[in-house]
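Here is a short report for a first look at this structure. Keep the sequence and the model side by side as you read.

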Amino acid sequence: EGHASLVRLISVPVMDGDKVRMMMGVGNKAEVYDDFDVETTRLIADSLWRLACKRRAEMRTQASEKSLANAQILVGMGSYELDIAAQRWECSAGLDQVFGISADYERTVSSWLALVHSDDRAMAENHLRGHVVDQRQSFSLEYRIIRQTDKAMRWVFGLGNLTFDDQGQPVSMHGTIQDITERKAAQQQLLQLSQAVEQSSDSIVITDLDANIHYVNDAFVKNTGYTREEVIGKNPRVLQSGHTSAKTYNEMWQALSSGQSWRGELYNRRKDGSKYTELALISPMRNAQGVVTHYVAAKMDITDLRAAAEQIDTLAFYDPLTGLPNRRLLMDRLQHALAMTGRNQDKGVLIMIDLDHFKNLNDTLGHEQGDQLLQLAAQRLRESVRETDTVARLGGDEFMVLAEGLGKNEHD
C-alpha cells in the first residue's frame, strides 16, 4: 500500500545489563549489509538511547525542581547559594516570597543585611563574617527580617554549609531560610503558659488517667513539703489526711470519668504531718482529637481563709468572753425550737438568769474580777444542763438557758 517491500534488514538491541532496552533496525540497502553497517547501526542506537535517557532525566529533574519549589513555597522556605568572593547570592522563588522581594532585587550581602531587622543586623553580620567565613563553621541562626511587600516583621531560621576550593578556601555557601514566625509565636505562648503554671501561687498537679503524678509546680513543693522526686509517679493519695469524705472522692471521680471538671474542698496532710484545706479545681486534659489523656488540678490553700471564716462566725454568734452563744445565736435556736415544738408537740423551757449585785463587784474589785466571775458562772451553767441544751449570754450579767425535748406534757 505505497510502502516499499522489505528486502534486507538488520536489527540491533540496546542492552542494559542483561535486559534489552530498545531495538533499532534499518532495511532495504541496495547491497548486502556488512559488519560495518551493523556496528554503525549499533552506535546510532546507543546514541539515541543515551539521548532519550538524558531527556527523561532532564524532565524528571525539572519536575523535581518544580515540586521542590512548590514545597518550599508551601512551607515558607527558600534555598540560596552565596558566592563568597563576589559577595552575591541567588535564591529560589520560595525565598523571594519569604523576603517579599521581586526578581530584580539586588542580591548582595549588603542587600541581604538590609532585609534583616535593624536590632538583629549586627548579630547576623557577625555570625556570617566571623562564625561562618572566618571560622569556617556552618550558618545556623534565628533572626528577624522586614518583609519588603508589607513591611511586616517576620522570624526566619537560616541554615548554610560552606564549600571549599582545592586550596581549602571557602568559595560558596548553600543553604535554606525558613519563615518560623508562627512557630516562634507558639513557642512564646507555650513559654508564657509554662511560666504562668510554674510561677503560680496555686499548686498545679498533672496526672495520667490512673492518677499517677507526672508534674507538680514549685507552689506544690512549697506547700506540701514534698520534693518533685518524692511524688512523681506516685498517687496524690499520699496527701490524704483521712478527713475528706468518701462521698467527696466519689463525686470527684464521677465527674472526671464523665469528662467533666470537679470543684471542691480537700482536707490533706503535709509531709510534716500538719493538716491543711485546699480548694481544688480538677479538669480533664484532651489531645487534638478530643481524647482525655491527663488530669490537671489547680489547688489553692484556703486553710487561713477557713480559719478566718470560723473566727468571723465565732465573733458573730458567740460571746468572746465566755464562749457561750450570744443573743443572735440564741434567737436562731429559739426559732428552731418553737418550730419543732409545734410539729412534735414536745415541751421546752426558757430560763433567764442574772447575777445579783454584779455591778457592785465590778465597782469594788474591778472588771477583771467581774470577767472571771462571768466565766465561772458560764462554766457552771454549762455543767448543769444537758449537752443538747443551750446556755447563752445576753450581755452584762444576764444569761439564758434553752432546753428542748422535755416530753409531751408539762409534768414530764
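What follows covers a sheet, an arginine and a pair of helices.

This is a predicted model: local features need pLDDT of at least 70, side-chain atom pairs count only at pLDDT 80 or more, and totals for chains, interfaces and linings use all residues. Residues are numbered from 1 along each chain as its sequence is written, and side-chain values use heavy atoms, leaving out hydrogens and water.

Five strands form an open sheet in the order 9-8-12-11-10, with antiparallel pairing. Strands are DSSP runs of E, at least two residues, and helices are runs of H or I, at least four, numbered from the N terminus. Two strands pair if DSSP finds at least two bridges between them. Strand 9 (213-216) and strand 10 (262-269) are the edges, each pairing on one side only. Nine bridges join strand 11 to strand 12, and these two run antiparallel. Glutamate 278 stands opposite aspartate 301 in strand 12.

Arginine 154 lies in strand 6 (residues 153-164). Arginine 154 is buried, with a relative accessible area of 14%; buried means under 20%, exposed over 50%, partly exposed in between (1.4 Å probe, protein chains only). Its contacts (heavy atoms within 4.5 Å) include Tyr143, Asp179 and Glu182, not counting residues up to four places away in sequence.

Two helices pack at an angle of about 140°, with their axes 7 Å apart: helix 11 and helix 12. Axes are lines fitted to C-alpha atoms, for helices over the stretch in contact, and angles run from 0 to 180 degrees between N-to-C directions. The residues in contact are tabulated here.

| Helix | Contact residues |
|---|---|
| Helix 11 | Phe358, Leu361, Asn362, Leu365 |
| Helix 12 | His367, Gln369, Gly370, Leu373, Leu374 |
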